[in-house]
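Q: Could you take a close look at the ligand site for me, and then walk me through a few residues elsewhere? I'd like the cut-offs spelled out as you go.

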Amino acid sequence: MESSNSRQAQGKKLTPSMISNYLDQYVVGQDDAKKTLSVAVYAHYRKLGRQRQDDVEVVKSNILLIGPTGTGKTLLCETLSRIARVPFVTANATSLAQSKYVNEEIEALLLRLLDKAEGDIAKAQHGIVFIDEIDKLKAAEGEQRGTSGEQVQHALLKIMEGASVRLGAQTFDTTHVLFICAGAFVGLENITAKNQAYGFISVGAGEDQHILDRLNTRVKPTDLFKFGLIPEFAGRLPVIANLHNLSKEQLVRIMIEPRNSIYNQFREMLKDEGVELDIEHAVFQQIAEMAFEYKVGARSLRGIFEEIFMPVLY
Ligand SMILES: Nc1ncnc2c1ncn2[C@@H]1O[C@H](COP(=O)(O)OP(=O)(O)OP(=O)(O)O)[C@@H](O)[C@H]1O
Ligand SMILES: [Mg+2]
């Protein structure tokens, strides 16, 4: 799906704020992650132009998105892929870990980049690879199914380190491919808090608490090792952006505001039937209240919404 907005944007120079504005149309809140992604994609895109003239070597900064389930990690990257002006492909770490042929899967990923670049190898080599559910690659205790997560980390490490991969007759240099990884990292907050609360624990209450919370939620590479990522792998993801739990107000906005919001979808559906749907704000607040209790971010909104309105629609 390509919106008229993203098509409009094609002609203009892409700026971080343009990317961020585009993300705003589909993703509610998560401003930190939006900013980080916008700047990174902008810088990456700029580099494509420069590298082609054999200009300065710029170090890329792969990104790790961390945040609770259902708060918009996958949505952000899917939305980003529609506006990024470089080839963009997505992989899922869970399925990579279940595959017997992980190296082949990774080659297939690069082939897809080449495909998106319509065969232009230089363009493909400056593409973006989004790897979702990266936390599922943590070293598993005992269990062995398919390729273990750790082996997948090693396999991915190769292309993240900039190895050249042979694809048929061509050689794919991965030096300038940008990697964006995302995961919920359940339990990481305990590791982070335990490691960092140390020297700060005796600080008094009140406004210091705010500073304390910020410090305590900063994820360090060592926390990622403890969680189960191998050090080299965590070290290849220098930029960490946190997504936050969604507030009830944000849950309400999610049902109403995005271009393809649940409300808009139902309105559209009923308009085809000649019915004008108009839902009171209090109803959305109630749904948000329920969804909030489920603690799966925005994920439960649609289910609750449909449960309430299906009988009416029927
Ligand atoms: N910030 C948000 N703005 C708008 N919609 C959202 C937001 N967060 C979640 N949603 C809605 O909830 C659904 C699930 O979100 P998403 O798949 O992005 O979660 P996630 O963070 O990737 O979770 P998980 O860790 O479980 O994969 C999305 O399809 C979207 O409809
Ligand atoms: Mg996801």
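A: Let's start with the shell around ligand 1, where helix α4 (residues 73–83) gives the largest share, three residues. Helices here are DSSP runs of H or I with at least four residues, strands are runs of E with at least two, and both are numbered from the N terminus. Before going on, some housekeeping: this is a predicted model, local features need pLDDT of at least 70, side-chain atom pairs count only at pLDDT 80 or more, and totals for chains, interfaces and linings use all residues. Residues are numbered from 1 along each chain as its sequence is written, chains are lettered from A and ligands numbered from 1 in the order in which they are written, and side-chain values use heavy atoms, with hydrogens and water left out.

Back to the site. Ligand 1 is surrounded by 16 residues, and the closest are T69, G70, K73, T74 and R299; a residue gets on that list if one of its heavy atoms lies within 4 Å of the ligand. Sorted by class, the shell has nine nonpolar, five polar and two charged residues. For that sorting, Ala, Val, Leu, Ile, Met, Phe, Trp, Tyr, Cys and Pro are nonpolar, Asp, Glu, Lys and Arg are charged, and the others, Gly among them, are polar.

Now the polar contacts, meaning pairs of N or O atoms within 3.5 Å. T74 places a polar side-chain atom 2.7 Å from an oxygen atom of ligand 1. R299 has a side-chain N or O atom 2.7 Å from an oxygen atom of the ligand. With T71 it is a polar backbone atom, 3.3 Å from a ligand oxygen. Taken alone, ligand 1 exposes 630 Å², and the protein buries 79% of that (Shrake-Rupley areas, 1.4 Å probe).

Elsewhere, H44 is found in helix α3 (residues 31–51). H44 counts as buried because its relative accessibility is 2%; buried means under 20%, exposed over 50%, and partly exposed in between, with a 1.4 Å probe and protein chains only. Beyond its neighbours within four places in sequence, H44 is in contact (heavy atoms within 4.5 Å) with V86, H126, G127, I128, H176, V177 and L178.

K295 counts as exposed, at 65% relative accessibility.

Note on methods:
Polar contact = N/O pair within 3.5 Å; in protein donor to acceptor, adjacent residues only side chain to side chain.
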